[in-house]
Amino acid sequence: MNIVVIDSQGGGIGRQVVSSLKAEFPELKVTAIGTNSQATAAMLKAGADQGATGENPVIVASRSADIIIGPIGIVIADSMLGEVSPAMALAIGQSKAKRILIPVNHCDNIVVGISDLSLAKLIREVISRIHDLSK
């Protein structure tokens, strides 16, 4: 299974996702794609198998991913303080991959109807969904 984790800004969410994925599923191939080098570096330090930075890596990785994981802003053009380009959002949205989107309410995007869960609880839910998808 080819899992792609996409994050922006400081890469804190992606770092926690990668760390949790590798702890629970050490055999999985995890590719970290940051919208900037700081986000990529954080995910690589957390144990991602490979990483790249920028718009084109998001587009290319989205083509071959089985699962894409990231904050909900990765599918919203110009979100995350402008770090997600329209081309990135389109590539992720059109990917044949399953998308596991973490509903964080920041950067002017608010998702209603969800509990205000801690990031740790949201990451545990990501891991639970990966278990479901890997059956």
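**Reading a parallel sheet, a loop asparagine and a pocket**

Tutor: Asn-36 is found in the loop between β2 and α2 (37–45), where helices (H or I, at least four residues) and strands (E, at least two) are DSSP runs numbered from the N terminus. This is a predicted model, in which local features need pLDDT of at least 70 and side-chain atom pairs count only at pLDDT 80 or more, while totals for chains, interfaces and linings use all residues. Residues are numbered from 1 along each chain as its sequence is written, and side-chain values use heavy atoms, with hydrogens and water left out.

Student: Which backbone nitrogens does the side chain of Asn-36 reach?

Tutor: A polar contact is a pair of N or O atoms within 3.5 Å; within protein, one must be able to donate a hydrogen and the other to accept it, and residues adjacent in sequence count only if both atoms are side-chain atoms. Here the side chain of Asn-36 reaches the backbone nitrogen of Gln-38 at 3.0 Å and that of Ala-39 at 2.8 Å. Leaving aside residues up to four places away in sequence, Asn-36 touches Ser-8, Gln-9, Thr-53 and Glu-83, contact meaning heavy atoms within 4.5 Å.

Student: In what order do the strands of the open sheet lie?

Tutor: Strands of a sheet pair through backbone hydrogen bonds, either parallel or antiparallel, and two strands count as paired if DSSP finds at least two bridges between them. In this model 5 strands form an open sheet in the order β3-β2-β1-β4-β5, with parallel pairing. The edge strands, each pairing on one side only, are β3 (50–53) and β5 (98–102). Strand β1 (residues 2–7) pairs with strand β2 (residues 29–34) over 6 bridges in the parallel sense, and Asn-2 stands opposite Lys-29 in β2.

Student: Which strands does helix α1 touch?

Tutor: Axes are lines fitted to C-alpha atoms, for helices over the stretch in contact, and angles run from 0 to 180 degrees between N-to-C directions. Helix α1 (residues 12–24) packs on the sheet and touches β1, β2, β4 (67–71) and β5, its direction making about 155 degrees with that of β1.

Student: Which element supplies the largest share of the lining of the largest pocket?

Tutor: That share, 5 residues, comes from α6, and β5 and α6 (119–133) each supply at least two lining residues.
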